[in-house]
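Trainee: I'd like to learn how to read a model like this one. Can we go feature by feature?

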Amino acid sequence: MKKVLPFLVLVMFISGICSGQIIVKNLRCENRINPLGIDMLNPRFSWQLVSDHRNIQQTAYEIRVSDQSGNIYFWNSGRLTGSQSIFVPYEGSALKSATTYYWQVRVWDNQGKVSGWSAKAFWQMGLLQAGDWKAKWIESASAADSVNGPALLFRKSFVAGKKIKSATLFISAHGMYEAHINGVKMGDAFLTPGWTSYHKRLQYQAYDVTEHLLHGKNAIGIQIGSGWYRTNLAWDNNRNIYGKKIALILQLEINYSDGSQETILSDGSWKSSDEGPIRSSEIYNGEVYDAGKEIAGWNTPGFNDQGWLGTVEAELPKNILTGTYNEPVRAHEDFQPVRIFKTPKGEQVIDFGQNLVGWEQININGNPGDTITIDHAEVLDKEGNFYTDNLRAAKSRNIYILSGNKEEWLRPHFTFHGFRYIRIKGFSGKILAGDFGEKRVDGNGSSIKPGSNCLRVVAITLYSDMERTGSFSCSNPLLNQLQHNIQWGQKGNFLDVPTDCPQRDERLGWTGDAQAFSRTASFNMGVHNFFSKWLKDVAADQNADGRVPFVVPNVLDSMAGGSAGWADVATIIPWNMWLAYGDRKILEDQYASMKAWVDFMQAHSHDYLWNTGFHFGDWLFYRPSDDNDGRSAVTDKYLIAQCFFAHSTQLLINAAGVLNHSADVHRYTDLLNHVKEAFMREYVTPSGRLVSSTQTAYVLALQFNMLPENLRAQAAQRLADNVRNYDDHLTTGFLGTPYLCHVLSRFGYDTVAYKLLLQETYPSWLYPVKMGATTIWERWDGQKPDSSFQTPGMNSFNHYAYGAIGDWMYRNVTGLDTYDDGAGYKKIIIRPHPGGNLEYAQASLETGYGKLSVQWKITAGKFMMDVEIPANTVASIYLPGANVGEVLENGKPLSQTKEITVSGKERNYIVLQTGSGTYHFSSTYLR
Ligand code: BGC
């Protein structure tokens with residue numbers, strides 16, 4: 001203790017907290033730190049309180065918004081009473097396009113302290129109206145502009161005649177672009193402008209380019225490939241979905257130091273070329289890069305573009321341009337080869353040790369025209385050969401043609417691949433790991449010296465740059481690997497839209513997969529903005545009749561939608577985001593879409609029974625191949641549909657409650673009662689047996705409260721028995737799996753839930769782990785015990801849907817949760833469910849209020865639990881198996897801990913109420 005005290009004082013000194021003092025940190029505007037390109041008229045502010053005292057609540061706050069100098073104030077909220085510290089809307093004078101605003105906040109707490117003003121944060125507005133876009137859409141005069149044609153280059157040089165104070169580049173494209181100013185790539189985002197329902201919404205990006213502009217001559221160079229805009233998506237040569245021609249819109253706003261302004265616009269004076277190095281680039285098929293066609297200096301001022309083609313101004317819509325709300329796709333981890341080897345077929349293959357999404361970067365010094373072909377695969381087959389059959393029609397191939405006689409760093413631009421292995425053809429020299437230092441991705445300058453006849457390679461991951469918010473680990477290494485696989489499934493498939501898989505000719509925003517995984521996703525990473533953006537496309541692509549597409553953005557037929565459990569994305573994700581982040585706006589924004597979907601189901605029902613239309617059902621449920629006595633777990637599709645009809649209606653009622661739409665609460669409560677009555681009539685016997693005796697049927701009926709109270713316990717018993725009948729194996733597909741363990745836990749079958757979680761043989765979560773998986777598989781048996789594969793037509797090794805178990809691991813194993821009526825962890829529940837012979841488990845979550853964490857361990861009959869609760873929240877803590885008299889907090893009996901109240905006993909838990917702070921509990925525990 002003697003040593004600890006001075007250390008604590010030092011920590012407090014360094015972090016600026018004196019005892020009891022309160023400070024404000026982590027200022028965010030629309031969830032982002034100092035964002036650019038905000039085009040909401042009332043952006044919202046969030047902040048966090050830090051104090052070394054327990055039970056801190058904010059009682060009041062004050063926000064002020066000014067220009068940089070602090071001379072002009074656009075808003076001073078004055079002291080406002082209240083505990084709201086997230087999503088407080090701006091309410092000052094009208095905000096102007098392309099203008100930067102600075103904001104600060106200070107708070108008062110319930111212990112009589114007031115913080116100082118926080119450090120200043122800022123945000124910059126985007127172009128608020130179509131009329132603010134003075135730029136013209138331009139297309140190239142190139143005749144070669146087609147899907148299989150080259151990426152196009154666009155350029156413009158100009159003179160910035162005065163000293164530059166600040167400059168912002170606004171840009172979007174039809175296609176996928178990389179932007180350069182004076183030879184340097186702008187920003188660190190890739191695959192821009194991202195993927196939306198382009199005809200209705202097209203995001204633009206804003207870059208602060210101040211330091212890249214020169215007083216004098218400058219040049220802008222933009223390279224644009226086909227991207228999602230026009231390459232094949234889905235099947236049957238489904239290309240040019242959004243259009244045929246590549247196009248660019250760009251507006252550079254320059255503020256000079258003397259207060260004057262200048263704007264550089266895309267217009268018909270720009271030049272273009274189809275002679276650049278990217279000869280073709282497609283999402284599924286990969287890129288052909290001919291380095292011999294690199295045009296030195298094309299994006300710099302001195303370049304002579306006289307021989308270049310012209311451009312044509314095009315009448316394309318600007319009113320669909322919208323600021324980028326989600327985090328951009330960025331390059332993240334590097335993976336070095338873990339094995340460089342020849343397969344039995346004699347092919348040169350490299351294993352990166354992790355199934356990932358992104359591309360390779362290579363460094364090579366070869367001869368002009370040398371052609372290196374790189375293929376991508378997720379797995380090796382039984383014999384150890386490179387296996388690509390499961391990519392179906394996707395070539396997933398990059399071809400690099402060397403300019404030669406110099407050191408070259410090459411990577412693709414407008415494609416991505418899902419892979420763990422690459423196969424290299426066209427190179428017979430030595431292959432080495434490539435640690436490219438500053439040359440990584442695009443940097444200039446490197447310390448690496450050219451090697452003759454050697455190729456260095458690294459794999460670089462790409463995914464939406466969401467904040468890493470959650471962690472989970474425990475004493476069972478297989479579960480830790482499962483958590484790793486879930487997180488990698490999320491990384492690989494959260495690539496601007498939530499995709500089903502990243503490797504085959506699909507990579508689409510499948511709605512069912514996304515809804516199933518969304519709650520888990522919200523633990524691992526900050527997915528608020530990611531899903532907010534995507535949900536806007538869900539609403540945009542929803543049919544006029546309320547039908548929600550199978551995939552969003554919808555690249556299939558407009559009638560391809562309305563499947564139970566897929567279309568319910570329209571209600572499930574908004575509600576899950578509300579729970580995770582406590583942001584009413586997402587419910588407001590999506591409310592019409594939620595309602596339209598429920599109305600669709602009602603309109604397609606007879607006597608409240610929704611038994612029409614096409615449904616995917618409990619996709620990929622258990623079905624053994626030689627099923628003579630009927631072990632397959634087939635659940636009636638319309639029974640499933642009725643359950644989701646009720647569930648979506650319930651979520652709509654919940655949302656209507658939050659938004660105070662009381663007439664809707666009444667209307668849809670009445671509907672819900674009818675929907676449940678119809679379910680009972682059609683699918684349940686008087687004794688409570690369901691017409692489908694599958695795990696999924698019982699799980700959905702119980703999870704969505706389809707049965708009256710008196711029939712629930714027997715149904716849960718039937719579910720538990722069913723699991724035992726399959727020797728403690730699950731049989732659920734995409735729709736039953738997310739709720740399976742939750743239902744078991746809710747009805748007192750934790751032990752059964754743990755048996756399922758820890759099951760190591762097929763079908764189970766740990767079977768793939770035992771088979772060496774590094775991501776979640778699409779199928780429970782993607783690879784069979786004898787190492788042969790499931791059918792190649794449907795066998796992705798990176799499909800996050802079954803990773804939905806992560807939600808149970810966070811919310812039950814460690815017990816981190818939020819109350820619905822204190823959504824976003826304003827009112828926290830900590831209710832661990834120890835079991836499965838785990839000796840310890842820990843989870844943490846960066847909530848809107850700050851860090852929430854729990855760690856429990858069981859040693860020598862004692863249950864010990866450390867929790868951290870962020871300021872400005874309250875928490876109910878459930879201590880399992882505890883006798884209140886034996887509970888100690890920090891070594892002291894609860895009666896001596898004034899910040900904690902004992903509120904009762906529930907099942908075999910002692911329930912405590914407290915507020916922020918760190919707590920260490922210990923109690924007697926009998927397994
Ligand atoms: C996708 C799925 C999707 C399904 C529809 C598949 O091809 O990969 O994950 O949900 O189709 O059932």
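Trainee: Which residue just after α10 takes a positive phi?

Mentor: Asn705, with a phi of about 50 degrees. Helices here are DSSP runs of H or I with at least four residues, strands are runs of E with at least two, and both are numbered from the N terminus. Before going on, note that this is a predicted model: local features need pLDDT of at least 70, side-chain atom pairs count only at pLDDT 80 or more, and totals for chains, interfaces and linings use all residues. Residues are numbered from 1 along each chain as its sequence is written, and side-chain values use heavy atoms, with hydrogens and water left out.

Trainee: Where else does a non-glycine residue have a positive phi?

Mentor: Asn240 has a phi of about 55 degrees. Asn240 sits in the loop between α2 (227-230) and β17 (247-256). Asn660, again not a glycine, has a positive phi of about 60 degrees. Asn660 belongs to the loop between α8 and α9.

Trainee: Take α8, then. What does Ser648 touch?

Mentor: Ser648 lies in α8, residues 637-658. Its relative accessibility is 0%, so it counts as buried. Leaving out residues up to four places away in sequence, Ser648 touches Asp568, Thr571, Trp597, Val598 and Met601.

Trainee: Which side chain makes a polar contact with Gln203?

Mentor: A polar contact is a pair of N or O atoms within 3.5 Å; within protein, one must be able to donate a hydrogen and the other to accept it, and residues adjacent in sequence count only if both atoms are side-chain atoms. The side chain of Asn326 pairs with that of Gln203 at 3.0 Å. Gln203 is in β15, residues 202-208. At 2% relative accessibility, Gln203 counts as buried. Pro193 is one of the residues in contact with Gln203.

Trainee: What is the peptide bond from Thr192 to Pro193 like?

Mentor: Omega is the angle to read. That bond is cis, with omega near 10 degrees. Pro193 is in the loop between β14 (189-190) and β15. The bond from Val552 to Pro553 is also cis, with omega near -5 degrees. Pro553 is in the loop between α5 (528-541) and α6 (569-581).

Trainee: Now the ligand. Which residues surround it?

Mentor: Count a residue if one of its heavy atoms lies within 4 Å of the molecule. The shell holds Asp500, Arg504, Glu506, Trp510, Asp513, Trp566, Phe616, Trp619, Phe734, Glu778, Met794 and His799. An oxygen atom of the ligand is 2.5 Å from an N or O atom in the Asp513 side chain. For the side chain of Trp566, that kind of pair is 3.0 Å apart. A polar side-chain atom of His799 lies 2.8 Å from a ligand oxygen.

Trainee: How much of the ligand does the protein bury?

Mentor: The protein buries 96% of the 310 Å² that the ligand exposes when taken alone. Areas come from the Shrake-Rupley method with a 1.4 Å probe; for residues, only the protein chains shown count as cover.

Trainee: Finally, how many helices and strands are in the protein chain?

Mentor: There are 15 helices and 46 strands. Of the 927 residues, 61% count as buried. The C-alpha atoms fill a box of roughly 85 × 75 × 65 Å along the principal axes.

Note on methods
Buried < 20%, exposed > 50% of the residue type's maximum accessible area, 1.4 Å probe, protein only. Contact = heavy atoms within 4.5 Å.
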